[in-house]
Amino acid sequence: MAFPEGFGWGASTAAYQVEGGWDADGKGPSVWDTFTHQGGGRVFKNQTGDVACGSYTLWEEDLKCIKQLGLTHYHFSLSWSRLLPDGTTGFINQKGIDYYNKIIDDLLTNGVTPIVTLYHFDLPQTLEDQGGWLSEAIIESFDEYAQFCFSTFGDRVKQWITINEPNLFALLTYDLGVFPPGVPHRGTGGYQAIHNLIKAHARSWHSYDSLFRKGQKGMVSLALFAGWVEPADPNSASDQEAAQRAMAFHLDIFAKPIFIDGDYPEVVKSQIASMSKKQGYPSSRLPEFTEEEKRMIKGTADFFAVQYYSSRLVKYRENDKGELSFLQDVEVEIFPDPSWIKLDWVCVVPWGLRKLLNYIKDTYNNPVIYITENGFPQGDPASLDDTQRWEYFRQTFQELFKGGQHILLILSQSYHLKLALPPFSYTEDGFRFFDALILKSSKTLISLTSLLKETHGEVLRLQREEEEPS
């Protein structure tokens with residue numbers, strides 16, 4: 001079996017995790033700058049992204065890493081507050097534009113396709129002070145920012161991600177309060193943020209479609225975090241239903257409105273409405289889309305971008321105490337199989353990715369799929385023996401190439417490893433766990449493996465063996 005023409009190998013980074021230069025050259029503060037500077041142990045050893053990988057000043061070194069790995073694509077995010085320090089076009093930072101122009105131009109000069117994310121968790125602090133993603137005003141602010149980016153970079157950038165992992169972001173930020181501003185709104189905030197994130201994405205897609213697509217001929221989507229879940233007891237009806245609810249609440253809650261019909265999954269709506277009634281609410285805690293909004297949201301993605309790391313087992317657990325939170329609404333218990341290899345939160349479950357891609361194919365009308373993040377973490381200090389991670393990727397590609405799975409590769413147009421460099425990891429981990437392919441300092445550049453080249457070579461070998469007559 002062969003890769004489809006144009007299949008891409010890439011690596012992914014995010015602005016706050018790798019850039020540093022937190023206040024350099026006119027950049028405004030983001031919520032992560034504020035959050036990490038407040039200390040209080042919310043991040044491992046109170047670390048910050050003030051310097052991170054130093055990519056703001058060391059881009060040429062990063063480009064060498066990209067070329068060394070033989071990447072065809074590089075997925076990175078823009079810092080909203082580096083471009084628009086107060087979050088609005090009232091003040092545009094030219095040095096921020098220059099920085100990203102150089103990245104884009106250098107990538108294209110070296111035959112590497114940029115895939116650009118507009119928003120990867122780092123909201124300008126000014127906009128958070130005005131309510132952030134809990135306020136409907138953010139929809140207009142995001143659309144203004146998106147149009148600015150499309151206008152400024154869209155002559156060269158043809159693949160856009162509006163929002164990175166909005167499903168994970170809404171939960172961690174506005175329900176649990178783990179991400180900045182660090183204020184939980186259990187059972188309500190996550191849903192309000194989801195509502196505004198979906199509408200902001202859809203609005204910006206329509207802006208691209210009506211104002212830029214004809215001239216720029218690009219594509220726009222959003223990147224959804226997704227693991228695979230299996231019922232803990234496959235013979236248990238309640239566990240099977242629990243697994244279906246888990247998928248609906250963490251993937252379909254975004255994917256169904258955008259790819260299917262503009263509205264939330266029925267199981268999500270009925271589950272939250274039922275729990276809200278039991279808790280004494282006069283109506284569901286999940287906001288409703290108007291019919292006009294449903295029409296506006298439906299079909300606002302040009303490809304399906306998914307980010308997979310691991311899988312879990314799921315069993316039913318009743319919320320008998322009526323606890324108020326997004327996670328309690330789902331009424332599930334999620335846990336790993338003890339036999340799975342595990343490091344930090346990532347379990348090695350390669351077949352989970354294959355099942356997830358099949359689920360997306362069957363549920364969302366056979367879309368073109370971009371795997372925009374995948375990887376396996378390592379601890380600090382990192383070992384130069386990269387055997388464990390190589391095995392993770394070897395097993396992953398073996399699953400994708402199993403008999404009858406060629407359709408997955410035809411659908412999956414791009415595969416991105418996370419990350420190219422040792423990044424700042426949000427919240428508890430800091431720089432303790434990271435998904436780097438490259439360790440680098442000012443004096444050394446050490447490739448843990450020529451991972452993409454080895455993987456590509458192994459895949460080609462598997463292809464030849466399958467194509468040779470027996």
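**Helix packing in the chain**

User: What percentage of the 470 residues of the chain count as buried?

Analyst: The model is predicted, so local features need pLDDT of at least 70 and side-chain atom pairs pLDDT 80 or more, while totals for chains, interfaces and linings use all residues. Residues are numbered from 1 along each chain as its sequence is written, and side-chain values use heavy atoms, without hydrogens and water. Buried means under 20% relative accessible area, with a 1.4 Å probe and protein chains only. Of the 470 residues of the chain, the share that counts as buried is 59%.

User: How many helices and strands are there in the chain?

Analyst: Helices are DSSP runs of H or I with at least four residues, and strands are E runs with at least two, numbered from the N terminus. The chain has 18 helices and 17 strands.

User: Which residues of H8 are buried?

Analyst: H8 covers residues 166-175. Nine of its ten residues are buried, and the helix is mostly covered. The buried residues are Pro166, Asn167, Phe169, Ala170, Leu171, Leu172, Thr173, Tyr174 and Asp175.

User: At roughly what angle do the axes of H8 and H9 cross?

Analyst: Axes are lines fitted to C-alpha atoms, for helices over the stretch in contact, and angles run from 0 to 180 degrees between N-to-C directions. The axes of H8 and H9 (residues 189-211) come within 8 Å. Their crossing angle is roughly 140°.

User: Is Asn196 buried or exposed?

Analyst: Asn196 lies in helix H9. Its relative accessible area is 0%. Asn196 is therefore buried.

User: Which residues does Asn196 contact, leaving aside its neighbours within four places in sequence?

Analyst: Asn196 is among the H9 residues that meet H7. With those neighbours left aside, the contacts of Asn196 are Trp133, Leu134, Ser135, Glu136, Ile138 and Ile139.

User: At roughly what angle do the axes of H7 and H9 cross?

Analyst: Helix H7 spans residues 137-153. The axes of H7 and H9 come within 9 Å. They cross at roughly 35°.

Notes. Buried means under 20% relative accessible area, exposed over 50%, partly exposed in between (1.4 Å probe, protein chains only). Contact means heavy atoms within 4.5 Å.
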